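Subject: A structure to look at

Hello,

Here is the structure I promised to pass on to you. Have a look at it first, and then read on for what turned up.

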Amino acid sequence: MQREAAKRAALNALKRARRSAEKAGVSLSEWEGEFLDSVGERVKTHGRAFADPEKGAPGQALSAMQGRKLKEITAKAKGEEPKRRWGRKKEE
């Protein structure tokens with residue numbers, strides 16, 4: 001039951017990311033579009049988008065990195081500035 005809920009949540013998040021990008025007029029790169037399509041297909045087919053159990057939590061449909069990429073795509077669709085990684089400061 002929990003696995004089905006995680007599957008639905010992941011599919012909804014993928015659809016929301018694509019819809020918000022289209023609505024905002026933000027064009028996703030070819031890689032980002034392909035990522036959303038392939039992850040969605042794997043979640044529909046297998047219930048989750050990763051095979052190695054060490055890459056994500058047991059009840060989750062997306063791995064940690066897939067979730068992170070989805071957040072980056074969603075932020076891009078919203079027009080937000082990408083967050084700095086690893087504590088790097090912006091050079092001026």
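Before the helices are compared, a word on axes: these are lines fitted to C-alpha atoms, for helices over the stretch in contact, and angles run from 0 to 180 degrees between N-to-C directions. This is a predicted model, in which local features need pLDDT of at least 70 and side-chain atom pairs count only at pLDDT 80 or more, while totals for chains, interfaces and linings use all residues. Residues are numbered from 1 along each chain as its sequence is written, and side-chain values use heavy atoms, with hydrogens and water left out.

The overall picture

The protein chain has three helices and zero strands, in the order α-α-α along the sequence. Helices (H or I, at least four residues) and strands (E, at least two) are DSSP runs, numbered from the N terminus. The C-alpha trace spans about 50 × 30 × 20 Å along its principal axes. Of the 92 residues, 30% count as buried (under 20% relative accessible area, with exposed meaning over 50% and partly exposed in between; 1.4 Å probe, protein chains only).

How the helices pack

The axes of α1 and α2 come within 10 Å and cross at roughly 160°. That makes α1 roughly antiparallel to α2 (angles over 145 degrees count as roughly antiparallel, under 35 as roughly parallel, 65 to 115 as roughly perpendicular and the rest as oblique). On the α1 side, the contact (heavy atoms within 4.5 Å) includes Arg 3, Lys 7 and Leu 14, and on the α2 side it includes Leu 36, Asp 37 and Val 43. By class, the residues of this contact are six nonpolar, three polar and five charged. Here Ala, Val, Leu, Ile, Met, Phe, Trp, Tyr, Cys and Pro count as nonpolar, Asp, Glu, Lys and Arg as charged, and the others, Gly among them, as polar.

Between α2 and α3 the angle is about 130°, with the axes 11 Å apart. That makes α2 oblique to α3. Among the residues that meet are Trp 31, Phe 35 and Leu 36 of α2 and Lys 69, Leu 70 and Ile 73 of α3. This contact has six nonpolar, one polar and four charged residues.

For α1 and α3, the angle is about 25° and the axes are 8 Å apart. The two helices are therefore roughly parallel to each other. Ala 13, Leu 14, Ala 17, Ser 20, Ala 21 and Ala 24 in α1 meet Leu 70, Ile 73, Thr 74 and Ala 77 in α3.

Leaving out residues up to four places away in sequence, Leu 70 touches Ala 13, Leu 14, Ala 17, Phe 35, Leu 36 and Leu 62.

Ala 77 sits in helix α3 and is buried, with a relative accessible area of 3%. Its C-alpha atom is separated by 5.8 Å from that of Val 26, 51 residues apart along the chain.

Best wishes
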